Amino acid sequence: MTDTGRTSRLRFALALTPLLVGASALLAGSAAGAVSVAFAGEVPVTVHAARVSASGVSASPGASGRGGLLPALATRMEQATVEDACVTSTTHLPVVGAVTAVVRIERASATGLTVEAGKATARSVKLSGARFDTPRVSLDRPTGLFTVGARKVSGSRVTTQPHAFTAGTITSRGVAIELRRGGSGCRPGAER
């Protein structure tokens, strides 16, 4: 006799397999070549990177999410490179419980990258060709927004929690994907 209204773990795993194979193929394809990528979701994502460098950087405040619900700093980079990165995201699935996806990337580069994030930290940051601008409605009335930018930016031990990102092209090398039960992911400065 079987219980009605419940899905066995085997059936759930079989249903999840095509999704995982598709995600693995997409990431493996990006590791071998270049793909256009867009990400926006409600599942929290944390990115830790040992080193980040970018050129043609500009950032301004805005809102992210459905209906502009989350305050965010929208940062646009013409070229960006990330080294020794670890991306984690934990979601709660029916029957299974908490599942954490861990993606390790040896090196990734992107063109036309825009990241909307509410939080970012770094151990050190170096800017060259920095600029700051406050747009004005008139000579005596600023809009209240601002734009900061730099010709080149580099940082070490960077952690961010993006709400969304888009990129023209991302090329990756050394990609490893792991799914874990529970909520443990990568931590900055820890063994990945």
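Modeller: Two strands count as paired if DSSP finds at least two bridges between them. The strands themselves are DSSP runs of E, at least two residues long, numbered from the N terminus. The model is predicted: local features need pLDDT of at least 70, side-chain atom pairs count only at pLDDT 80 or more, and totals for chains, interfaces and linings use all residues. Residues are numbered from 1 along each chain as its sequence is written, and side-chain values use heavy atoms, with hydrogens and water left out.

Biologist: Why are S4 and S9 called a pair?

Modeller: Strand S9 covers residues 147–181 and meets S4 over 18 bridges, in the antiparallel sense. The requirement is at least two bridges, so S4 and S9 are paired. Within this pairing, Arg 104 has Ala 176 as its bridge partner, and Val 102 stands opposite Glu 178.

Biologist: What makes S3 a partner of S4?

Modeller: Antiparallel S3 (residues 70–93) and S4 (residues 97–121) are joined by 19 bridges, one of them between Val 87 and Val 103.

Biologist: How many bridges join S9 to S2, and how many to S5 and S6?

Modeller: S2 (residues 45–64) pairs with S9 over 11 bridges, including Ser 58 with Gly 149. S5 (residues 124–128) has five bridges to S9, and Leu 127 is partnered there by Val 153. S6 (residues 131–133) has three, with Asp 133 bridged to Thr 147. Each of these pairings is antiparallel.

Biologist: Why is the set that includes Ala 54 and Val 57 called a nonpolar core?

Modeller: A core consists of buried Ala, Val, Leu, Ile, Met, Phe, Trp, Tyr and Cys residues joined through side-chain atoms within 4.5 Å. Buried means under 20% relative accessible area, with over 50% exposed and anything in between partly exposed (1.4 Å probe, protein chains only). The largest such core has 10 residues, among them Met 77, Leu 113, Val 115 and Ile 170. These residue types are on the list, so the name applies. S2, S3, S4 and S9 each supply at least two of its residues, and S4 gives the largest share, four.

Biologist: Which other core lies apart from this one?

Modeller: A core of five residues, including Ala 49, Ala 85, Ile 105 and Ala 108.

Biologist: What is Ala 110 in contact with, beyond its neighbours within four places in sequence?

Modeller: Contact means heavy atoms within 4.5 Å. On that basis Ala 110 touches Glu 78, Gln 79, Ala 80, Thr 169 and Ile 170.
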